[in-house]
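The entries follow the sequence and structure.

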Amino acid sequence: MVDVADKLAYFQAITGLEDPDLCTEILQAHGWDLELAISAFTSNNNNNENDSNAVSTTTASATDTGSSAVETLNSASRDAFDRSDSGAGAVAAAAPGLAWKLITLPFSVISGSLGLISGAVGLGLWAAGGILSYSLGMVGLGSSAGRNGESSTRLVSVSAAAREAMEFVSVFEREYGSRRPNFVTEGFMDALQRSRNAYKLLFVYLHSPDHPDTPMFCERTLCSDVFSAFVNENFVAWGGSIRASEGFKMSNSLKASRYPFCAVVMPATNQRIALLQQVEGQKSPEEMLVTLQRVLEESAPVLVAARIEAEERSNNMRLREEQDAAYRAALEADQARERQRIEEQERLEREAAEAERKRKEEEEARERAAREAAEKEAALARIREEKALSLGAEPDKGPDVTQVLVRLPTGQRKERRFHNTATIQSLYDYVDSLGLLEVETYSLVSNFPRVTYGSEKLSLSLKEAGLHPQASLFVELS
């Protein structure tokens with residue numbers, strides 16, 4: 001016993017902690033290893049100082065001295081629930097009688113929660129007002145394992161803080177049953193973010209397993225049907241054992257000096273929280289309900305204002321999205337009409353180009369046909385001229401001269417004299433030289449008797465063909 005008392009006195013002298021119960025709890029948490037307890041305590045304080053996150057407490061009373069205190073609380077409340085950078089309008093002042101403290105959280109508590117996302121994610125996410133957590137999907141897994149005595153298969157990896165919270169819930173249910181406040185199975189920072197998102201206050205319970213008042217407080221107060229239902233309805237609840245790392249650090253941050261210890265907090269600026277109420281020592285359910293009801297009533301204007309501002313931001317964002325959607329729809333309609341106009345213009349241009357191409361082709365065809373016709377006519381004229389020259393001069397009448405009459409399809413009659421030795425071909429050359437026929441193939445035919453002087457008779461002389469001394473022939477078109 002002398003050794004225990006010496007360790008307690010030495011620990012108090014080194015750490016400067018005056019509360020013997022708290023020092024006893026810390027030493028017990030470290031198995032009465034004095035060197036380990038002092039090292040853990042001083043290491044935690046040094047880290048907090050080096051990271052500019054030392055526990056700072058700004059205490060004021062909101063009762064009658066109130067203007068500066070109310071202003072500070074309103075500022076902290078606005079920062080707690082206003083996620084926009086520009087903020088919103090003034091928040092209603094806290095009602096008189098609400099005691100509060102602004103408390104800076106230990107860096108290890110913040111960084112432990114941020115580690116749920118990635119080791120590369122810094123504190124800027126919390127300053128921006130958002131902490132993500134992989135542990136949200138694990139709610140209830142730890143407690144189920146505790147009840148059944150079976151190990152649950154973890155679907156996702158969780159942080160050390162979340163594992164401690166799950167272990168706390170499991171042990172609490174094993175010792176006191178499942179009729180309790182619904183403590184979230186996640187780290188303190190995730191629970192704080194959950195309360196921010198739900199526009200509720202955070203109920204904090206720090207569990208001291210070895211304190212003599214702890215079993216009665218848990219059984220009669222925390223597990224009371226009326227009290228647990230009230231907390232579950234109006235708060236987000238988080239619990240932690242001071243034997244665990246995060247629970248121990250939060251007990252230092254909240255300056256817990258007596259147990260059982262409960263507190264009501266809300267998120268404030270950056271890494272700070274607003275401590276609205278703390279309850280230390282054994283309390284009945286009725287006393288706890290009166291205290292929590294008072295805190296709810298006094299903080300209601302802040303929560304309502306924050307919810308209204310969030311709804312206004314949400315409505316403004318939805319309105320902007322609707323306006324953006326309408327603008328995009330109008331822009332798409334304009335673009336569709338412009339595309340349709342361009343397509344119609346291109347179609348008309350293609351049709352005009354096609355019509356112009358056809359016109360040029362037809363014109364070229366006409367010119368080619370006229371040129372070919374002129375060439376053909378010129379060729380025929382040359383042929384007629386050549387044939388007329390081949391006939392020679394028309395002979396005078398005489399016994400050796402044959403008189404030939406040719407009737408054309410048009411009714412015209414043409415006469416000419418030929419030597420009786422001239423061939424039937426000469427008669428065809430004569431008709432061709434007249435240039436009165438539009439066809440190239442025809443036959444010379446006599447009526448009585450009907451004889452066709454075709455190609456097989458072209459070499460016969462007029463006398464041999466029986467056409468001397470005179471003949472009457474007509475042109476029969478083929």
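Where is P449 found? I located P449 in the loop between β9 (442–446) and β10 (451–453). Helices (H or I, at least four residues) and strands (E, at least two) are DSSP runs, numbered from the N terminus.

**Ground rules.** I am working with a predicted model, in which local features need pLDDT of at least 70 and side-chain atom pairs count only at pLDDT 80 or more, while totals for chains, interfaces and linings use all residues. Residues are numbered from 1 along each chain as its sequence is written, and side-chain values use heavy atoms, with hydrogens and water left out.

**Cis peptide bonds.** I checked the bond from F448 to P449 and found it cis, with omega near -10°. P260 sits in the loop between α12 (245–253) and β5 (261–267). I noted the background: most residues other than glycine have a negative phi, and most peptide bonds are trans.

**Positive phi.** W32 is not a glycine, yet its phi is positive, about 60°. I placed W32 in the loop between α2 (20–29) and α3 (34–50). Is Y199 buried or exposed? Y199 counts as buried because its relative accessibility is 15%, whereas W32, at 22%, counts as partly exposed. Y199 also has a positive phi, near 55°, and belongs to the loop between α9 and β3 (201–207).

**Cores.** A nonpolar core is a set of buried Ala, Val, Leu, Ile, Met, Phe, Trp, Tyr and Cys residues joined through side-chain atoms within 4.5 Å. How many residues does the largest nonpolar core have? I read off 35, and those with the most contacts inside it include F11, F188, L206 and W238. This core takes at least three residues from each of domain 1 (1–42) and domain 2 (160–317); the domain bounds come from an automatic or database domain assignment. Another core lies apart from it, with 32 residues, including F168, F183, F235 and L303.

I then listed contacts (heavy atoms within 4.5 Å) for L206. Leaving aside neighbours within four places in sequence, L206 touches W238, I242, M250, L254 and F261, among others.

**E164.** I found E164 in helix α8 (residues 160–176). E164 is partly exposed because its relative accessible area is 24%. Beyond its neighbours within four places in sequence, E164 is in contact with A244, S245, E246 and G247. The C-alpha atoms of E164 and R243 are 9.9 Å apart, although 79 residues separate them along the chain.

**Largest pocket.** A pocket is an open set of points on a 1 Å grid over the protein atoms alone, where a 1.4 Å probe fits, with protein on both sides within 12 Å along at least five of seven lines; lining residues have an atom within 4 Å of a point. The largest one is lined by 18 residues, with L380, D432, V439, E440 and Y442 nearest its centre. I noted that α13 gives the most to this lining, with six residues.

Notes:
Buried means under 20% relative accessible area, exposed over 50%, partly exposed in between (1.4 Å probe, protein chains only).
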